[in-house]
Amino acid sequence: MEKKKVLEVKDLSVGFVSHGKKMHVIRDISLDVYEGETLAIVGESGSGKSVFTKTFTGMLDANGFISSGSIMFDGMDLTQFKDPKQWLGIRGKRIATIFQDPMTSLNPLFSIGYQISEVLRLHHGLSKEEAKEEAINLLRKVRIPEPEKRYNDYPFQYSGGMRQRVVIAIALACRPEILICDEPTTALDVTVQAQILSLIKELQEEYKWTTIFITHDLGVVANVADRVAVMYGGQIVEYGTVEDIFYRSAHPYTWALLASLPQLGSKDEPLSYIPGNPPVFTSEIIGDAFAIRNKYAMRIDFLMDPPMFKISETHSAKTWLLDPRAPKIEKPALIQNLSKKIEEVSNELMKEIEIGGDKNE
């Protein structure tokens, strides 16, 4: 049975005005998001991941603008929303976001319980007493110990991992159809990170929301995602199932990201890294944005932007290496036989979850 599309992005381009000049940072992205899935959007800082997903909730900075394309959600084109009031029924209520730093979402002047309760009262019309009871239930749901006592605590009294759990509780209070997780575990240590990922996955299964997970860490993706979109230079350069991306990847940038995973490193060898820097958008990008950092680049990469080549029904990549006229290239040795390596990494992560429990909270 074919899954229902909950979000349909077509030819989306986004720019910013800086010092009187226009910079285009999202360039002709098309992407479908399906009901109940976890879609991971992966790429280095500066690749455009957060800017792209901010368009789903109308949260672009004041100097940002959508120059072309559409974002269809429940029969509405979100790119046509001009009045902030139009977003009231979407942002938080139907499409919610968990940010990297929970303190950007929590007001330090109000108690944790008050902040959750206000969301419940605003979106669901609960009384003060009903909202408090439900807020305590939500704190319990995200495994805050002694939620009745912690209800009146302030954000500074919680650890980083516990604050992130509170933000998840606020998202739960909204009962969204889509939850955007923007690097939600980056600032946490590995054990707490594993616990938060496990919690998000468990709650998704219970509440049946769709998750869009933004990260620069492909190691995280292996444990949470159904499909993956790899972003570079404001474009999606490869997308497919997790198995497609990890075991059948075709874009040199995806290869470089996989080879850079510290979990796959060896004590006897230096860590792999991607030389150079991501592109800047102050001038027009000609050709493949990754060409200057790509050791497999051909002359055409510096002249023409490659099309998106379809590899299978689930897998596509935007690289001239897939053109029938291109030379055949072997993947880097480091990312061959990834199946066994990923299994070992996943087993270690599960051990961290089981051993760590909540001791770091």
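Analyst: Helix 5 and helix 6 are roughly parallel to each other, a label used for angles under 35 degrees, whereas over 145 counts as roughly antiparallel, 65 to 115 as roughly perpendicular and the rest as oblique. The contact is made, on the side of helix 5, by Gly 161, Gln 164, Arg 165, Ile 168 and Leu 172, and on the side of helix 6 by Val 192, Gln 195, Ile 196, Leu 199, Ile 200, Leu 203 and Tyr 207, where contact means heavy atoms within 4.5 Å. These residues divide into eight nonpolar, three polar and one charged; Ala, Val, Leu, Ile, Met, Phe, Trp, Tyr, Cys and Pro count as nonpolar, Asp, Glu, Lys and Arg as charged, and the others, Gly among them, as polar.

This is a predicted model, in which local features need pLDDT of at least 70 and side-chain atom pairs count only at pLDDT 80 or more, while totals for chains, interfaces and linings use all residues. Residues are numbered from 1 along each chain as its sequence is written, and side-chain values use heavy atoms, with hydrogens and water left out.

In numbers, helix 5 (residues 160-174) and helix 6 (residues 190-207) pack at an angle of about 15 degrees, with their axes 10 Å apart; the axes are lines fitted to C-alpha atoms, for helices over the stretch in contact, and the angles run from 0 to 180 degrees between N-to-C directions. Helices (H or I, at least four residues) and strands (E, at least two) are DSSP runs, numbered from the N terminus.

Strand 8 pairs in the parallel sense with strand 3 (residues 38-42) over five bridges, pairing being assigned if DSSP finds at least two bridges between two strands. Within that pair, Leu 39 has Ile 212 as its bridge partner. Strand 7 (residues 178-182) also runs parallel to strand 8 and is joined to it by five bridges, among them the one that links Cys 181 to Phe 213.

Helix 9 (residues 252-259) is another covered element: eight of its eight residues are buried, so this helix is largely enclosed by the rest of the structure. Trp 255 and Tyr 253 are among the buried residues of helix 9. In helix 8 (residues 242-247) lies Asp 244, which counts as buried at 3% relative accessibility. Leaving aside neighbours within four places in sequence, Asp 244 is in contact with Ser 249, Thr 314 and His 315.

By contrast, Asp 74, in the loop between strand 4 and strand 5, is exposed, with a relative accessible area of 54%. Asp 74 has a positive phi of about 50 degrees although it is not a glycine.

Note on methods. Buried means under 20% relative accessible area, exposed over 50%, partly exposed in between (1.4 Å probe, protein chains only).
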